[in-house]
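Here's a quick briefing to read alongside the sequence and the 3D view. Take a look at the picture, then work through the notes below.

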Amino acid sequence: MEYTSAEANKLLKKLNDTYQALLYEEEQSSTFLAAMGEEPETLRPDYDYSEMQVKLKELERKIMAVKHAINLFNTTHTLEGFGLTIDQALVYMPLLSSRVKKLAEMKARLPKAREKQERYSGVNIIDYRYINYDRSTAADDYEKAFDELCRLQTALDAANNAERFEIML
């Protein structure tokens, strides 16, 4: 069946949730307690070891198939306008986000700012911190990096919601 990356990731989440629920069910029903004097057979939860293992293995197979298909798509599909595969874009995006954050701070700094004097409490020494770069260059670089990040996110969203690939379940 064909899926978009967004659909495949939702399917993967559903499969993982089902898998975790089965593991929890197995944990709760594979053993049980009976107090002295109680008849254990009347307390025994409904649990079939062999059936549970078959269900878990089938879910594991499906999870692996979906993850593999997503990974294959991410390593082979190139984002339009970037020349990057999706997996490269997923590595680049946090780096670019970090750059945008740093440049936002740099463009906002004052050329000269009074430094807090915690180390000299009670002493009248005033330190000033001066920037050692051109604020307008930092502001221009911020705009470029921010715009690139927005374009990258949009290209990734478009690919994740439009491009389809086969998942053999």
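Leaving aside neighbours within four places in sequence, which residues is Ile167 in contact with? They are Met1, Tyr3, Ala8, Ala65, Val66 and Ala69, where contact means heavy atoms within 4.5 Å.

Keep in mind that this is a predicted model, where local features need pLDDT of at least 70, side-chain atom pairs count only at pLDDT 80 or more, and totals for chains, interfaces and linings use all residues. Residues are numbered from 1 along each chain as its sequence is written, and side-chain values use heavy atoms, with hydrogens and water left out.

**The nonpolar core**

- The largest nonpolar core has 35 residues, and Ile167 is among those that touch the most other members, along with Ala8, Val66, Leu79, Leu152 and Phe165.
- A nonpolar core here is a set of buried Ala, Val, Leu, Ile, Met, Phe, Trp, Tyr and Cys residues joined through side-chain atoms within 4.5 Å.
- H1, H3, H4 (86–108) and H5 (135–162) each supply at least two residues of this core; helices (H or I, at least four residues) are DSSP runs, numbered from the N terminus.

**H1 with H3**

- Helix H1 (residues 5–29) packs against helix H3 (residues 49–76) at an angle of about 155°, and their axes are 10 Å apart.
- That angle is why H1 counts as roughly antiparallel to H3, a label for angles over 145 degrees.
- Axes are lines fitted to C-alpha atoms, for helices over the stretch in contact, and angles run from 0 to 180 degrees between N-to-C directions.
- H1 passes H3 in a left-handed crossing, meaning the near helix is turned anticlockwise from the far one by less than a right angle.
- Sorted by class, the H1 and H3 contact has 14 nonpolar, 6 polar and 6 charged residues.
- For those classes, Ala, Val, Leu, Ile, Met, Phe, Trp, Tyr, Cys and Pro count as nonpolar, Asp, Glu, Lys and Arg as charged, and the others, Gly among them, as polar.

**H4 with H5**

- The axes of H4 and H5 come within 8 Å of each other and cross at roughly 150°.
- So H4 is roughly antiparallel to H5.
- H4 passes H5 in a left-handed crossing.
- The contact of H4 with H5 has 20 nonpolar, 3 polar and 5 charged residues.

**H3 with H4**

- H3 and H4 pack at about 80°, with axes 5 Å apart.
- That makes H3 roughly perpendicular to H4, the label for 65 to 115 degrees.
- Phe73, Asn74 and Thr75 of H3 make this contact with Ile86, Asp87 and Leu90 of H4.
- These residues divide into 3 nonpolar, 2 polar and 1 charged.

- Asn74 sits in helix H3 and counts as buried because its relative accessibility is 10%, with buried meaning under 20% relative accessible area (1.4 Å probe, protein chains only).
- Apart from its neighbours within four places in sequence, Asn74 is in contact with Ser5, Thr85, Ile86, Asp87 and Leu90.
- Ser50 is also in H3, and at 48% relative accessibility Ser50 counts as partly exposed, which is the class between buried and exposed (over 50%).
- Ser50 and Asn161 are 111 residues apart in sequence and 39 Å apart in space, C-alpha to C-alpha.
- Glu51 in H3 is partly exposed because its relative accessible area is 43%.
- Glu51 and Ala158 are 107 residues apart along the chain, and their C-alpha atoms are separated by 41 Å.

Key
Parallel < 35°, antiparallel > 145°, perpendicular 65-115°, else oblique.
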